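I set out to look up ring contacts and pockets, and I kept these entries as I went.

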Amino acid sequence: MIGDNKELMAEIGRIAEVAGYLWTKGWAERNGGNISVNVTDLMTEQEKALPALGAPYPLLAPMTALCGHIFYVTGTGKRMRYVAQDPFAHGSVIRIAVDGTSFDIIAEQPIPSTSELPSHLMMHNYLRSCGRDNKVVLHTHPTDLIGFTHCQPFLDSEKITRVLWSMIPECRIIVPKGIGIVPYEIPGTLDLALATIKQLEKHDVVFWEKHGILAVGEDIIECFDAIDTLSKSAQIFFAARMAGYEPEGMTDQQLDDLVLAFGL
């Protein structure tokens with residue numbers, strides 16, 4: 001049983017913590033959003049060899065950079081509010097086959113993985129093949145950030161990045177690569193995954209038009225923090241607009257000074 005692995009259980013606890021944040025912030029209506037985390041480095045050799053709970057699940061394409069890797073993934077149709085309470089009743093630990101063409105569920109229950117899993121694995125596979133040690137893919141639905149994507153002028157990476165960076169200094173510091181934009185695609189499709197991977201070439205956070213936000217990184221708390229900080233910037237922007245004035249934002253010089261001060 002993997003419950004005896006303290007390091008792994010601590011990471012699962014952090015996933016549950018973030019799932020709770022997503023729900024309480026109103027970013028995870030019904031079964032909205034999903035999480036996948038590479039936990040391979042936290043598993044013992046014995047745990048990596050656990051028997052499969054059922055038949056293997058084929059993948060759309062070989063995940064050649066993920067052969068033998070192990071992930072915690074939230075389940076299909078599962079609510080984040082319940083993932084927060086019991087992550088193993090609403091998610092599972094999966095193992096990618098040694099040839100990368102399928103995966104098995106190995107713990108703790110045979111909970112079918114999120115319908116977005118193929119997209120998540122494609123992103124993990126891309127990032128790892130590039131040498132980026134990003135273990136987390138986090139997708140959620142922040143109301144204020146999605147609101148920006150309903151406004152055509154903001155469907156431009158440079159435009160929306162500049163606006164959100166300029167609302168609060170921390171945003172420039174915490175999201176230094178800015179924001180990628182993916183025009184609307186049907187959720188869960190291969191086209192959405194491929195378009196997102198293209199944006200991940202330059203960014204760690206990607207906005208999906210009229211749908212949601214995706215962040216990748218080495219740590220799930222840091223991924224949440226990036227989205228949370230962007231949401232704070234959006235709230236400042238909209239608060240100023242609702243007060244009847246255009247937010248001034250930080251100047252180019254002020255933003256450049258942050259780059260020098262924090263080595264961005």
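I began with charges over rings, where I count a charge as sitting over a ring if NZ of Lys or CZ of Arg is within 6 Å of the ring centre and within 35 degrees of the ring normal. By that rule Arg 81 lies over the face of Trp 23, at 4.7 Å from the ring centre, and Arg 172 lies over the face of Trp 165, at 3.8 Å from the ring centre.

I note that this is a predicted model, in which local features need pLDDT of at least 70 and side-chain atom pairs count only at pLDDT 80 or more, while totals for chains, interfaces and linings use all residues. Residues are numbered from 1 along each chain as its sequence is written, and side-chain values use heavy atoms, with hydrogens and water left out.

Next I looked up aromatic pairs (rings of Phe, Tyr and Trp, the last by its six-membered ring, with centres within 6.5 Å; planes under 30 degrees apart are stacked, over 60 edge-to-face, the rest tilted), and the search of the whole structure gave nine. For exposure I used relative accessible area with a 1.4 Å probe and protein chains only (buried under 20%, exposed over 50%, partly exposed in between); Tyr 57 is partly exposed at 32%, and Phe 103 is buried at 7%.

The rings of Tyr 72 and Phe 88 have centres 6.3 Å apart and planes at 80 degrees, so this pair is edge-to-face. Tyr 72 is buried at 0%, and Phe 88 is buried at 11%. I also found one aromatic cluster, formed by Phe 148, Phe 154, Phe 237 and Phe 238.

Last came pockets: on a 1 Å grid over the protein atoms alone, a pocket is an open set of points where a 1.4 Å probe fits, with protein on both sides within 12 Å along at least five of seven lines, and lining residues have an atom within 4 Å of a point. The largest pocket is lined by 18 residues, with Ile 174, Asp 204, Val 216, Gly 217 and Glu 222 nearest its centre. To this lining α9 gives the most, with four residues.

Methods: Helix = DSSP H or I, 4+ residues; strand = E, 2+ residues; numbered from the N terminus.
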